[in-house]
Amino acid sequence: MKKFTFNLKDGTIKKMEFNEFVRWACLIEALEVVGGKVDNIGDDKWIKPLAFQKYIQERFHSMKHDLKVEAALGNL
């Protein structure tokens, strides 16, 4: 499985396995979805951490497939 390496601002290097990368991608996508809804509604009191966990669990397999395709195309 592919590993990803990131050079952080503090000079450290973070390496992560593909599955960890997929989970982070799911979280970023969830934040974008929730952020858009909060902007439309204007109320952030309904946001719960378990909602993010559920979103990541439900989206993980399809996101993993999407990222595998992108990696095969050379986009990652």
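This is a predicted model: local features need pLDDT of at least 70, side-chain atom pairs count only at pLDDT 80 or more; totals for chains, interfaces and linings use all residues.
Reader: Which residue in E2 is the bridge partner of Asn7?
Author: Ile13 is the partner of Asn7. Residues are numbered from 1 along each chain as its sequence is written, and side-chain values use heavy atoms, with hydrogens and water left out.

Reader: How many bridges join E1 to E2?
Author: 5 bridges, and the strands run antiparallel. Strands pair if DSSP finds at least two bridges between them. E2 covers residues 13-17.

Reader: What do E1 and E2 form?
Author: A hairpin, with 5 residues between the strands. Gly11 sits in the turn and has a positive phi of about 95°.

Reader: And the whole chain? How many helices and strands?
Author: 2 helices and 2 strands. Their order from the N terminus is β-β-α-α. Helices (H or I, at least four residues) and strands (E, at least two) are DSSP runs, numbered from the N terminus.

Reader: New topic. How many aromatic pairs are there?
Author: A search of the whole structure gives 3. Rings of Phe, Tyr and Trp (its six-membered ring) pair if their centres lie within 6.5 Å; planes under 30 degrees apart are stacked, over 60 edge-to-face, and the rest tilted. One of the pairs is Phe4 with Phe21, which is stacked, at 4.1 Å centre to centre and 20° between the planes.

Reader: Where do Phe4 and Phe21 sit in the chain?
Author: Phe4 is in strand E1 (residues 3-7), and Phe21 is in helix H1 (residues 18-41). They are 17 residues apart, so the pair links distant parts of the chain.

Reader: Why is the pair of Phe6 and Phe21 stacked?
Author: Their planes are at 20°, with the ring centres 6.2 Å apart, so the pair counts as stacked. Phe6 in E1 and Phe21 in H1 are 15 residues apart.

Reader: Which residues end up in the ring cluster?
Author: Phe4, Phe6, Phe18 and Phe21, linked by ring pairs.

Reader: Is Phe21 buried or exposed?
Author: Buried, because its relative accessibility is 15%. Phe4 is buried too. Phe6 counts as partly exposed because it has 31%. Buried means under 20% relative accessible area, exposed over 50%, and partly exposed in between (1.4 Å probe, protein chains only).

Reader: How many residues are in the largest nonpolar core?
Author: 11, among them Phe4, Phe18, Phe21, Ile56 and Leu67. Such a core is a set of buried Ala, Val, Leu, Ile, Met, Phe, Trp, Tyr and Cys residues joined through side-chain atoms within 4.5 Å.

Reader: Which elements give two or more residues to that core?
Author: H1 and helix H2 (49-72). H1 gives the largest share, 5 residues.

Reader: What does Phe4 touch?
Author: Lys14, Lys15, Met16, Phe18, Phe21 and Leu76, leaving out residues up to four places away in sequence. Contact means heavy atoms within 4.5 Å.

Reader: Switching to Arg59. Where is Arg59?
Author: In helix H2. Its side chain makes a polar contact with the side chain of Asp66, at 3.4 Å. A polar contact is a pair of N or O atoms within 3.5 Å; within protein, one must be able to donate a hydrogen and the other to accept it, and residues adjacent in sequence count only if both atoms are side-chain atoms.

Reader: What share of the chain is buried?
Author: Buried residues make up 22% of the 76 residues.
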